[in-house]
Each structure stands twice: as C-alpha cells, then as structure tokens.
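Trainee: Could we go through this model together? I'd like to start with the charged pairs and then look at the pockets.

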Amino acid sequence: MTDIPQEIVERVAERHRTFEPVRSVADELAEHQARIGKYRGRDYIGLPQKTLRKLDNMTLGLRGLMLLAAAPNVGKTTLGVQLGLDIVTQNEDAAFLFLSLEMSRWDMLTRMTSYLARMDWRTLVFGSKDGTFALDEYQRLTQAKAVLAGLAPRLLILDDTNFPAPTLARVIDQARDRKST
C-alpha cells in the first residue's frame, strides 16, 4: 500500500470540514438552476486557450489544477508553455504558474519568449545571422517582449532555485497569490 503524503490528507480533510445539510431534490432544484444558469450564453465553463480549438471544445475550457505528465522529451514543456500563455492571453482574469523541477526559470522564460515570437530556440538565443536578426525576426521578438511584459504580472515561474522543497500546499499558496494580483 502506498502512503499518502500528510499534506494531501490534510488538504482533503480541510476540503470536507464543512458539511451541507441533507436536502431533498425538491429543496435543491432552485439552487441547481441558479448554479447552471451562470453558464447560460457562454461558450466555455473554464478558460479557453483557442489555439487548440478541439481541446477547448472537448473540455469546454481548461479549469482546476492542471497536471501534465508523460515520458521525457515528448513535448510536455512546449505544450504547457503554449497552453499557459494562450490562456493568460485570452483570459484577462487568468494567471499562469509554471513549476519546473528540471529546467531553470531562465530556460522557461526563453521558451516563453520563443513561443510568443514564433521563433525557434536556436534563432532566439544565437540570432539568425552573425548574431543578429532579420527585420521580421526583430519585429516579432520586439512584439513578443512587449506581450510578455504585459502578461508578466500574471505569470510566475518556480524552479529549484527560487522555490526549493516544493510542497502541494506551497504551490497552491503561490497560485492563490498570483491569482489575486
């Protein structure tokens, strides 16, 4: 049997400390209508990212804590950066927290800039010719930096140097703090 970390046990226990009274369906109907009524006229329940339309249509927008896991070198970071940046770009009330236990936050910032500039990593870091950029690359990079600066208050990158010994509780606290800004 696998031991469940104490922080998860406490979190689940905390979530279930308040109980609602048992009510009949007749007593619940009005509240149920009010709960689903808040979605009337909307296209999504969660946050659309709009680049992968099929994903938005299948999930009705991303919501809750998202965990992306797969084998090494299959594109998790690239997909995570794309989804996170697209969501904060499309949803002004959204925040993006990226926790990386393997890559530095500086590498993540490079990936984010690369994505926003529509430029491969190699060109972004080395330049395209003699360490310089072609005019269209320079323009895309300038625009990407401006977009990133505008999104920056709602972005947070945690790595092993600025967020040692991460715990679920600390990550949730960081997400709440970022969401409140």
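Mentor: Happy to! Start at Asp 159, which is buried, with a relative accessible area of 1%. Buried means under 20% relative accessible area, exposed over 50%, and partly exposed in between, using a 1.4 Å probe and protein chains only. This is a predicted model, where local features need pLDDT of at least 70, side-chain atom pairs count only at pLDDT 80 or more, and totals for chains, interfaces and linings use all residues. Residues are numbered from 1 along each chain as its sequence is written, and side-chain values use heavy atoms, with hydrogens and water left out.

Trainee: Which side chain does Asp 159 meet in a salt bridge?

Mentor: That's Arg 105, at 3.2 Å from N to O. The pair links distant parts of the chain, 54 residues apart: Asp 159 lies in the loop between β2 (155-158) and α8, Arg 105 in helix α5. Helices (H or I, at least four residues) and strands (E, at least two) are DSSP runs, numbered from the N terminus. A salt bridge here is a side-chain nitrogen of Lys or Arg within 4 Å of a carboxyl oxygen of Asp or Glu.

Trainee: And is Arg 105 buried or partly exposed?

Mentor: Arg 105 counts as partly exposed, at 21% relative accessibility.

Trainee: How many salt bridges does the structure hold?

Mentor: Five. One of them joins Asp 136 and Arg 140, with the closest N and O atoms 2.9 Å apart. These two are separated by about one helical turn, because they are four residues apart in helix α7.

Trainee: Changing topic: what is the volume of the largest pocket?

Mentor: About 2,100 Å³. A pocket is an open set of points on a 1 Å grid over the protein atoms alone, where a 1.4 Å probe fits, with protein on both sides within 12 Å along at least five of seven lines; lining residues have an atom within 4 Å of a point. The volume is the space filled by probe spheres set on the points, which are joined across faces, edges and corners.

Trainee: What about the second largest pocket, which element gives the most to its lining?

Mentor: Helix α4, with four residues. That pocket has a volume of about 180 Å³ and 13 lining residues, among them Asp 86 and Tyr 115.
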